[in-house]
Amino acid sequence: MPTLQGKLETADFDKIIFKNEAVQLHKDIIERVQNSFDFLKEFSENKIIYGVNTGFGPMAQYKIKDDERIQLQYNLIRSHASGTGNAIPAQYVRAAMLARMNTLSLGNSGVHPSVIKLMGELLNKNIIPLIYEHGGVGASGDLVQLAHLALVLIGEGEVFYKGERRNTEEVFKIENLQPIKVELREGLALMNGTSVMTGIGVVNVLYTKRIMDWMIKASSAINEIVKAYDDHLSFELNETKKHKGQRQIAEMMRSHLKDSNLTRKREHHLYNGSKNEEVFVEKVQEYYSLRCVPQILGPVLDTLNSVEKILIEEVNSANDNPIVDVEKRNVYHGGNFHGDYVSLEMDKLKIVVAKMTMLAERQLNYLLNSKLNDILPPFVNLGKLGLNFGMQGVQFTATSTTAESQMLSNPMYVHSIPNNNDNQDIVSMGTNAALITKKVIENAFEVVAIELITIVQAIEYLKVQDSVSSETKKMYDEIRAIVPVFKEDVAMYPYVNKVKEFLMDSSK
């Protein structure tokens, strides 16, 4: 059971969000949060502290009377729970809750311990606040999306519970949960921060790791199918490039192919002095989508690792305003809630995922075009040419989905629009960036699902099930368990969706 101590890793998100392990609060966390709350309450009595006894944003010039402070927090939560569009799926909301719990547990926010205790209970009971996709500009944090979380914590709004969308009040009664009671600045502390964009971002990273793993498997399998020469994956060739990602991809592909009976050694065929033809029938080198996989997926892997590092730094940061420093006995005003770090990393991630999708689409096209591969029937059609269509229909889906990802990979980071009476005069659009990246990743799974079905059909046609590597055979068996051999034309969408779901649910 992961224990929240103020420092989370990607593996903790995987355990809690995907494996549904319970989260518990370390006793030191409760003490730390209580100390922060007590200090801020005392410190703010004779001082002007933003969000405690002032209005918010451009209204901060207005002093709030002592007897209206608590109402101020409730007003903020209710007025900003104004999201629209689609509901953010459960795993992303849970990740956002975990990220918010963690930053509040650092003791820099001055919240009452009841806040993180209730958030932990919601996570462990799988009660999912209704949070909409549209609303956040990612500058004063994810104000609108986090307001929907705060609304649930005060016992209002809606949640998803056991597959149903229900009123929070009803579910709290069923589960015997008590809403938090706003004591000081719980409204602003819950809403000021980057936790929604960061939570979505961490889930994006976890999914990208999975799609990367499948792309390595698919790329390796295609090299087998066409009996490619293996020196483009060699240690010696890839060591002449200094990039860590390229070397790692080549190593992973070599490992995948280590017991293949299909890939060839150049010295056995082209370096033995037996070729006297003027024009070679067989290709001397493969197309780039097969030969340059380490050079294409290498920067994807390097970028993924860099994105993960920055996101975990954000998860473990105080992204509130103001920042409460119990040790220095002071409160500092600033802009830690600004989401530029996350926004930029999400743009980087969606660009490399779009490129990975493009690689999958080109590999798919190579398999489907008999004039390119010279070993398979058009569209890997196992039926009667002319009468049947094989994988022809799903190529349209792969092509259009890839095109959408190419368009969506344009950066969000530079699309700032001033708002909030120009108080927020430059913003990050971090949650938009994270959500668009989520879409690009989902698209990648769709294209790779189509590619894998095609690879399995190609292996079927060539009858090389017993010659491929053990890793490719394992992949073949997994996909074949979902998609039967088909010679007659069938409706493909159920199979593509089932394979996509399988790929997204898989983990090492």
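**View 1. The hairpin of E6 and E7.** In this hairpin, 2 residues separate the strands, and lysine 162 adopts a positive phi near 50°. Helices (H or I, at least four residues) and strands (E, at least two) are DSSP runs numbered from the N terminus. The model is predicted, so local features need pLDDT of at least 70 and side-chain atom pairs count only at pLDDT 80 or more, while totals for chains, interfaces and linings use all residues. Residues are numbered from 1 along each chain as its sequence is written, and side-chain values use heavy atoms, with hydrogens and water left out. Lysine 162 sits in the loop between E6 and E7 and is not a glycine. With a relative accessible area of 70%, lysine 162 is exposed; exposed means over 50%, buried under 20%, and partly exposed in between (1.4 Å probe, protein chains only). Most residues other than glycine have a negative phi, and most peptide bonds are trans.

**View 2. The open sheet E4-E6-E7.** Three strands make up this open sheet: 3 strands in the order E4-E6-E7, with antiparallel pairing. The edges are strand E4 (128–129) and strand E7 (164–167), each with a single partner strand, so one side of each has no neighbour in the sheet. Two strands count as paired if DSSP finds at least two bridges between them. E4 and strand E6 (residues 158–161) are joined in the antiparallel sense by 2 bridges, and isoleucine 128 stands opposite phenylalanine 160 in E6. Between E6 and E7 the antiparallel pairing runs over 4 bridges, with glutamate 158 opposite asparagine 167 in E7. Helix H7 (residues 168–175) lies across E6 and E7 and runs at about 95° to E7. Axes here are lines fitted to C-alpha atoms, for helices over the stretch in contact, and angles run from 0 to 180 degrees between N-to-C directions.

**View 3. Helix H2 and its cover.** At 1.5 Å a residue, the 17 residues of helix H2 (residues 27–43) should span 24 Å, and the end C-alpha atoms are 25 Å apart, which agrees. The expected span is 1.5 Å times one less than the number of residues. Buried residues of H2 are Ile29, Val33, Ser36, Phe37, Phe39, Leu40 and Phe43. Seen down the axis of H2, these buried residues fall within an arc of 165°, so they line one face of the helix; the arc is that of the directions from the helix axis to the C-beta atoms. The face turned away from the buried side carries the exposed residues Lys27 and Glu42. The cover over the buried residues of H2 includes strand E1 (3–4), helix H4 (90–104), helix H5 (114–124), helix H8 (186–191), strand E8 (323–325) and strand E9 (330–332). Contact means heavy atoms within 4.5 Å.

View 4. The 13 residues of helix H11 (residues 244–256) should span 18 Å at 1.5 Å a residue, and its end C-alpha atoms are 18 Å apart, which agrees. Gly245, Gln246, Ile249, Ala250, Met253 and His256 are the buried residues of H11. They cover an arc of only 130° around the axis, which puts them on the same side of H11. An α-helix has 3.6 residues a turn, so residues three or four places apart point the same way. Among the elements covering the buried residues of H11 are helix H9 (195–225), helix H10 (235–239), helix H14 (293–315) and helix H19 (470–480). Serine 220 lies in helix H9 and, at 0% relative accessibility, counts as buried. Apart from its neighbours within four places in sequence, serine 220 is in contact with Met253, His256 and Leu257.

**View 5. Backbone geometry in two loops.** Asparagine 321 and proline 322 are joined by a cis peptide bond, with omega of about -5°. Proline 322 is placed in the loop between H14 and E8. Phenylalanine 379 has a phi near 60°, a positive value in a residue other than glycine. This phenylalanine 379 lies in the loop between helix H16 (370–373) and helix H17 (392–408), and its 26% relative accessibility makes phenylalanine 379 partly exposed.

**View 6. The whole protein.** The protein has 20 helices and 9 strands. Its C-alpha atoms fill a box of roughly 95 × 45 × 45 Å along the principal axes. Of the 508 residues, 55% count as buried.
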